[in-house]
Amino acid sequence: MKPSFFLKSLAAVSIVAVGALASSAAWAVKVGPVEDPIRVVKIAKGAPIVIATYHVISGADTALGLDAQRGAVVAADDLGNKLVGHPIKFMHEDDGCNAEGGQTAATKIAANQQVVVAIGGACSSATRPAAPILWKAGIPDVATAASSPVLTAPDRGPSYDGLLRIVYNDLWAGREVANWAYKVRGYKRAATIHDGSPYAEKLVRVFQENFKKLGGEIVSDEAIAPNDTDMRPVLTKIATSKPDFIYAPTFVGATSYLIRQKKEIPGLEKVALIGSDASMGAQLMEAAGKDLLGFEISTTAMEPEAQGPGYTAMREKYKKMFGEYPIQGFHGNGYDAMMLAANAIKKVAITEKDGTTYIPIKALRDAMFATKNMQGVTGKITCDQYGDCGVYNFAIYQYTNPDPKTLEPGKNPKRIYPDKF
Amino acid sequence: MNLERLKQVTYVDVTLWLMRAAVILLVIAGTIGSVIKDRYTTEQWVSMVMFGLTIGGIYALIALGYTMVYGILRLINFAHGDIFMTGAFTAYFVAAPLAKSGFLDEYLIVGMVLISLVAMTVCSCIALIVERICYRPFRSVRSLAPLICAIGASFFLQHAFRGMYGSSVRAYPDVRWFDVVVTILGFNFPRIQFVVVIAALASMYALYLIVHKTKMGTAMRAVSEDRDAAALMGIDVNKVIIFTFVLGGSTAGIGGVLYAFVFKQVYFFMGFFPGIKAFSAAVLGGIGNVPGAMLGGFFLGVVESLGPALFLDGLGIVAPYQLRDLIAFTMLVMVLIFRPQGILGERLARQRA
């Protein structure tokens, strides 16, 4: 009798314990006076409010990430480096523009439970693994230049519930490039090159789909490895299909090799090579040398007149703070990402009389997604239910001088399409 | 008798034979497919072979450093790819002002000799420092320590250059003479491709002469055969090892300059992939064997360049150039399975037993 009674009691206790554990998952977290289903960040009086950023800030694509990171820093400066009564403290991480880097950066950020929100990344390859890690740790994330459609696709899954982005979606970019190439330039035969990254591959696929719909033909669909240096064999293959132009939205390294080696391939000397904003900046100019002259890129318009009203002031402040004009096209996105997060924090933060601030994360995430008609420096920002908040003014730019010192978006590279906004 | 031999055949043997047959069949099917497709003109095929020989020559020059050090110390010098980078990077600071002032276009040979000398000196010095700090203390230790140290040295060199010169890419100058297209047997090539192949072959020949016709070369071969016996015969082993690192560094320096003039870019991480490829080339040719390293380098370069067009395109694989590294490393795996000593490698263990 005794062992049986003992076993029964043990079973009963176990069931109760398991039940309690299971139901605790659905329990809200209560910190101080604030309750939230995910977590609550408590910031003591005078303690800083921690904002994390992760971007590519080393290697060939540094300009892409650093520009967005600087945008966020300028925004903080515009906020007086204070938010809900606490000084803003940044935690800048490097994601290397690759999946491993994104994972490492996100894991590092997630380990710090004082982080309220993350800004970044600039590369889809890094953002894709990073966003779920951050959201698992209860950190919402605003991407600044990660434009791959998968990040905000309706089937992106609950692990991406915390991700928004202040950048256009490549579904728009691919469509616009196809329209421009077919209708404005009159190209009928396109060759494409991607490097296997989620960004480039998806953008190329969207472009191909739209170009074919318009009546164009994809005569060569090629891929390279991101670290390839010898592009001549793949360019030779492309030459056999006699394209009107080559669309290669690759990053700085691969793009510069393509630019330099294209002229060596018989049959491609006069074929246009068109890249994307992933490779824009002084580093491409440095790497491609004088062969850069005439190279075209598709991007969202960068001149002040194509941006929101506060853009010019922000650009000047950027110059003052970092000693140079913006080095890439995503500083405005970094700025707006920070402002979007700051506005939402202001809405949901609760500060007690003793100066302690509580930020409920689920409420913060919802407030960020509910952003409507926010006047940002990139334009009017409205987020949809999947986190797409970007503004997109399609434009094509052409390099007029290979000297990196002459970089000034609008003048070099110069906008060649559209004429006006 | 035959039946007895058949009985000894294991499943492993059968699987390996099937693998060989499958690979050969795939290559043949792909080649036939490509020939039937008739996508490329003869000139394009010849161009692709030339691209392969150009990059192959550079792989071969780097591979020589791996193979010589392995021959003498039985050590894989994983920092060698980065030593190659240091040469190319430092030479940039000589090449850029020389090109800007017009000196390089005016006195090309003097300029190139100067640039190569700088690269060779820097590479040799760094190779020596790496040897002194990272390898010599472990020379008599039988463990993985030297290998780990080599990997550490590789990271150190990369990040030291990143720290000193930044992470951006620098463009090597254009030299007018190199870019001129010449016609040979009706085919057009930029001069730089010939320059690379000829310079690589010449350096290798010089190296061959040094190893086989000089006193120091004889000493190198003796140390490679048996270090202790060589020491007992009065050979200064340290001197031989230093000489080997200088030779390896010099060939890497030449390789670095040629690479930079072909691909026109240098940056701190540029040595990693060519280093890995050159290591594969050394293994492919038979590590420890100088002509093997040359053959392995050229072979790897040509297969990388031709492979996607010749085998994969014919098999109907879309975007075959993405799989270029796959071809190179599959070949390496196949060589390791079927001929572990490499194409020209000796059966060291058996000979020395």
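This is a short tour of a predicted model, stop by stop, with something to select at each one.

Before you start, residues are numbered from 1 along each chain as its sequence is written, while chains are lettered from A and ligands numbered from 1 in the order in which they are written. Since the model is predicted, local features need pLDDT of at least 70 and side-chain atom pairs count only at pLDDT 80 or more, whereas totals for chains, interfaces and linings use all residues.

**Stop 1: the two domains of chain A**

Colour residues 41-169 and 306-393 of chain A as domain 1, then 171-302 and 395-415 as domain 2. These bounds come from an automatic or database domain assignment. Taken over C-alpha atoms, the centres of domain 1 and domain 2 of chain A are 29 Å apart.

Now look at where they meet: 23 residues of domain 1 of chain A are in contact with 24 residues of domain 2 of chain A. Here, contact means that the C-beta atoms of two residues, placed from the backbone, lie within 7 Å. On the domain 1 side, α2 (62-78) and α4 (124-136) of chain A each supply at least two residues. Helices (H or I, at least four residues) and strands (E, at least two) are DSSP runs, numbered from the N terminus. That side of domain 1 of chain A has 12 nonpolar, nine polar and two charged residues. For these classes, Ala, Val, Leu, Ile, Met, Phe, Trp, Tyr, Cys and Pro count as nonpolar, Asp, Glu, Lys and Arg as charged, and the others, Gly among them, as polar.

**Stop 2: a sheet with helices across it**

Select β4 to β9 of chain A. What order do the strands of this open sheet follow? The order is β5-β6-β4-β7-β8-β9, with mixed pairing. Two strands pair if DSSP finds at least two bridges between them. At the edges are β5 (82-83) and β9 (163-165) of chain A, each pairing on one side only.

Zoom in on β4 (residues 49-55) and β7 (residues 115-120) of chain A, which pair in the parallel sense over five bridges. A:Y54 has A:G120 in β7(A) as its bridge partner.

Next, show the two helices from Stop 1 again. α2(A) lies across β4, β6 (86-94) and β7 of chain A, at about 160 degrees to β4(A). α4(A) lies across β4, β7, β8 (141-143) and β9 of chain A, at about 160 degrees to β8(A). For these angles, axes are lines fitted to C-alpha atoms, for helices over the stretch in contact, and angles run from 0 to 180 degrees between N-to-C directions.

**Stop 3**

Most residues other than glycine have a negative phi, and most peptide bonds are trans. Select A:G120 and A:G121: a cis peptide bond joins them, with omega about -5 degrees. A:G121 lies in the loop between β7 and α4 of chain A. Another cis peptide bond joins A:N412 and A:P413, with omega about 5 degrees. A:P413 sits in the loop between β19 (394-398) and β20 (414-417) of chain A.

Then click on A:V84, in the loop between β5 and β6 of chain A. Its phi is near 40 degrees, a positive value in a residue other than glycine. A:V84 is partly exposed, with 19 other C-beta atoms within 10 Å. A residue is buried if 20 or more other C-beta atoms, placed from the backbone, lie within 10 Å of its own, exposed if 12 or fewer, and partly exposed in between.

**Stop 4: where chain B touches chain A**

Show both chains. The contact takes 29 residues from chain B and 32 residues from chain A. On the chain B side, elements that each supply at least two residues include α3 (42-73) and α14 (290-312). α3(B) gives the largest share, five residues. By class, this side of chain B has 15 nonpolar, eight polar and six charged residues.

**Stop 5: the largest nonpolar core**

A nonpolar core is a set of buried Ala, Val, Leu, Ile, Met, Phe, Trp, Tyr and Cys residues joined through C-beta atoms within 7 Å. Which members of the largest one touch the most other members? Among its 236 residues, they are A:A341, B:A60 and B:A88. α3(B) gives the most to this core, with 18 residues. Domain 1 and domain 2 of chain A both give residues to the core, so it lies between them.

Finish on B:A60: leaving aside neighbours within four places in sequence, its contacts include B:A200, B:M204 and B:F298.
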